[in-house]
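Please open the model in a viewer and keep the selection tool at hand.

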Amino acid sequence: MQTTEVGQNSEIKQVIGSLCMMNNRFMNFMLDDNKKAAQVFLRVILGDDKIKVRNVRIQSFIQNIYGHSSQLDILAQDSKGRYFNVEVQRSDEGAPARRARFYSSILDTHFLQPGKLYEELPDTYVIFITENDVLHDNLPLYNIRRRIDENAKCFEDGSRIIYVNSQRRDNTALGKLMQDLYCTEPKNLHYHEFAERMEFLKYSKEGEEKMTDVIEEYAARKAEALAKEAAKEAARKAEKEAAKKAEEKEQANRIELAQGLLADGMSIEFTVRHSKLTEAEVRELASKLSA
């Protein structure tokens, strides 16, 4: 029992050690109530070193009584009252354009209080950090704003959508930020605001306890993977067994045909050609018939 527990603890530490910020849940822990780290994110992505984050929270649930509700990964507000929703998406299917549009709209409906003027609607930014270049133009960053088709001027309604291509990991400030997203060791991070938090989460007892649900999620995924593998193995075994039975039946049919041909006086060569048995098998059958 003790050996099993030691093994499990070692495995848990390996799991925690392998986590990086492109893991959605780990990113949440890295930025939860961590204004300094969230500030680095927003300053680098928006190219504005004057952004001052007032508050940041994770897994913010926004209820929509008339339709689809949403749970935002990271929601931050700066000193100017602007709201920033940051979503980490490893799957291309998780970052469609219409999802970004919906998130932008749900922020609007949530933050314009009854009785307020439309002019009081805060500026909002929906930021998708994607593992792949989902917009396929090989750009490190895609700033998306409404514009007037006839004169190409921006239509300044205060909403912006940004896609960040994490595959572009060069030596620019944004590239280094993307490098940090895939980094698993605090000492290798470019931004110390991330290093301090990662050090706490990965190498302190309190941090490990804080990530209990990440570990539970890993355990659930592992159990699911093991169950799938067991099902695949059972299917492979059943398929192999079925193939074996089919081959045995086919062989029995070949033998029955060969016996009939030999009984009718057909030659060894003729019987081999038509029964698909080997010459040795046919000769053995012939010797038994003549015995």
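Which residues does leucine 181 touch, not counting residues up to four places away in sequence? Select leucine 181 and display its surroundings: the residues that it touches are Cys20, Met21, Met22, Met27, Phe41 and Ile129, where contact means heavy atoms within 4.5 Å. The model is a predicted one, in which local features need pLDDT of at least 70 and side-chain atom pairs count only at pLDDT 80 or more, while totals for chains, interfaces and linings use all residues. Residues are numbered from 1 along each chain as its sequence is written, and side-chain values use heavy atoms, with hydrogens and water left out.

**Leucine 181 and helix α5**

Leucine 181 belongs to helix α5, which covers residues 173-181. Helices (H or I, at least four residues) and strands (E, at least two) are DSSP runs, numbered from the N terminus. Leucine 181 counts as buried because its relative accessibility is 0%; buried means under 20% relative accessible area, exposed over 50%, and partly exposed in between (1.4 Å probe, protein chains only). Next, draw a distance from the C-alpha atom of leucine 181 to that of glutamate 131: the two are 50 residues apart along the chain and separated by 9.9 Å.

Now extend the selection to the buried residues of α5, which are Leu174, Gly175, Leu177, Met178, Asp180 and Leu181. Against these pack α2 (24-31), α3 (35-46), β4 (124-130), β5 (141-144), β6 (159-165) and α6 (192-203).

**Asparagine 28 in helix α2**

Move to helix α2 and select asparagine 28. Is asparagine 28 buried or exposed? Asparagine 28 counts as buried, because its relative accessibility is 2%. Leaving aside neighbours within four places in sequence, asparagine 28 is in contact with Ile58, Gln59, Asp73 and Ile74.

**Aromatic rings**

Select the rings of Phe, Tyr and Trp next. Such rings (for Trp, the six-membered one) pair if their centres lie within 6.5 Å; planes under 30 degrees apart count as stacked, over 60 as edge-to-face and the rest as tilted. The structure holds seven aromatic pairs. In one of them, tyrosine 83 and phenylalanine 111 have ring centres 3.7 Å apart and planes at 15°, so the pair is stacked. This pair links distant parts of the chain, since tyrosine 83 is in strand β3 (residues 83-89) and phenylalanine 111 is in helix α4 (residues 97-111), 28 residues apart. Tyrosine 83 and phenylalanine 111 are both buried.

Then select Phe102, Tyr103, Phe128 and Tyr163, which form one aromatic cluster. A further ring to display is that of tyrosine 182: arginine 169 lies over its face, at 4.2 Å from the ring centre. A charge sits over a ring if NZ of Lys or CZ of Arg is within 6 Å of the ring centre and within 35 degrees of the ring normal.

**Salt bridges**

How many salt bridges does the structure hold? There are 13 salt bridges, each being a side-chain nitrogen of Lys or Arg within 4 Å of a carboxyl oxygen of Asp or Glu. Begin with arginine 147 and aspartate 149, whose side chains meet at 3.4 Å, N to O. Arginine 147 counts as partly exposed at 49% relative accessibility, and aspartate 149 counts as exposed at 60%.

Continue to helix α8 (residues 212-263), where glutamate 233 and arginine 236 are three residues apart and therefore separated by about one helical turn. Their side chains meet in a salt bridge (2.7 Å, N to O). Glutamate 233 is partly exposed, with a relative accessible area of 44%, and arginine 236 is partly exposed at 40%.

Glutamate 250 counts as partly exposed at 38% relative accessibility, whereas arginine 254 counts as buried at 16%.

**The largest pocket**

The last stop is the largest pocket, with a volume of about 340 Å³. Of the 20 residues that line this pocket, the closest to its centre are Ala100, Arg101, Ser104, Arg146 and Ile161. On a 1 Å grid over the protein atoms alone, a pocket is an open set of points where a 1.4 Å probe fits, with protein on both sides within 12 Å along at least five of seven lines; lining residues have an atom within 4 Å of a point. The volume is the space filled by probe spheres set on the points, which are joined across faces, edges and corners. Colour α4 and β6, each of which supplies at least two residues of the lining. α4 gives the most to the lining, with six residues.
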